[in-house]
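Please read the following note with the sequence and the model side by side. It is meant for someone meeting this structure for the first time.

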Amino acid sequence: MKHGVAEAGPDPVDARLGARLAELRAERGWSLGELAERSGVSRSTLSRAERAEISPTASLLNRLCGVYGRTMSQLLSEVEAEPALLVRAAEQQVWEDRASGFVRRSVSPPHAGLRGELVEGRLTAGADIAYDRPPVPGLEQHIWVLEGALEVTAQEVEHRLGTGDCLRLRVWGPTRFRCAGPEDVRYVLAVVLP
């Protein structure tokens, strides 16, 4: 404590960034001196950045990204905060397309640090939704029907799923989700990035 004021610790992002920079150097087996030679940044500055004693400048990060073969976006995405372990029902985003009879609840939303997400889908009887392409080619999907019946068309093959059935596939082209009725359908969609 200095003059009655508590000193704040390092910024959490700087701390995670410093730890990641130290990991990258260790993965290559380089000393601070070797990294200093490769990057043109002084040993002391590198050491202070790795210990989160300083907040690295864009110029410093750019030099280090060049040495480590990363874009700045890649490096920064590697140090984003860990995703919340628990996503409360009240925090799950719900989106409704009234015109098509589709309700989508993001049970486990996407996060840069995770490859998968969980969605609860509900289609009213007669609802028919077509997608012309996946957001990411080769996207892995697991569709598990909790209640009702669902028709899923992928790669020009129609799959009829009843309660408890699960369809697993990689999506390369158009898909179609249809609730032929007479009851609504509720299902879980697990999405995994390739």
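The points below take up salt bridges and then pockets.

1. This is a predicted model, in which local features need pLDDT of at least 70, side-chain atom pairs count only at pLDDT 80 or more, and totals for chains, interfaces and linings use all residues. Residues are numbered from 1 along each chain as its sequence is written, and side-chain values use heavy atoms, with hydrogens and water left out.

2. The structure holds 19 salt bridges, a salt bridge being a side-chain nitrogen of Lys or Arg within 4 Å of a carboxyl oxygen of Asp or Glu. One of them joins Arg178 to Glu151, with the closest N and O atoms 2.7 Å apart. Arg178 lies in strand 9 (residues 175–178) and Glu151 in strand 6 (residues 150–154), so the pair ties together parts that are 27 residues apart in sequence; strands here are DSSP runs (E, at least two residues), numbered from the N terminus.

3. Within this pair, Glu151 counts as buried at 11% relative accessibility, whereas Arg178 is partly exposed at 29% (buried means under 20% relative accessible area, exposed over 50%, and partly exposed in between, with a 1.4 Å probe and protein chains only). Both residues also belong to a network of salt bridges that links them with Asp128, Glu158, Arg160 and Arg176.

4. Another salt bridge is formed by Arg98 and Glu96, whose closest N and O atoms are 3.8 Å apart; Arg98 counts as exposed at 70% relative accessibility, while Glu96 is partly exposed at 44%. The side chains of Arg48 and Glu53 meet in a salt bridge at 3.7 Å, N to O, where Arg48 is partly exposed at 38% and Glu53 is partly exposed at 43%.

5. The largest pocket holds about 400 Å³ of space. On a 1 Å grid over the protein atoms alone, a pocket is an open set of points where a 1.4 Å probe fits, with protein on both sides within 12 Å along at least five of seven lines, and lining residues have an atom within 4 Å of a point. Of the 22 residues that line the largest pocket, Tyr131, Pro135, Gln141, Leu189 and Val191 are the closest to its centre. Strand 3 gives the most to this lining, with four residues.

6. The second largest pocket holds about 160 Å³ of space, and the residues that line it include Pro83, Glu91, Ser108, His111 and Leu114.

Definitions and conventions
Points joined across faces, edges and corners; volume = space filled by probe spheres on them.
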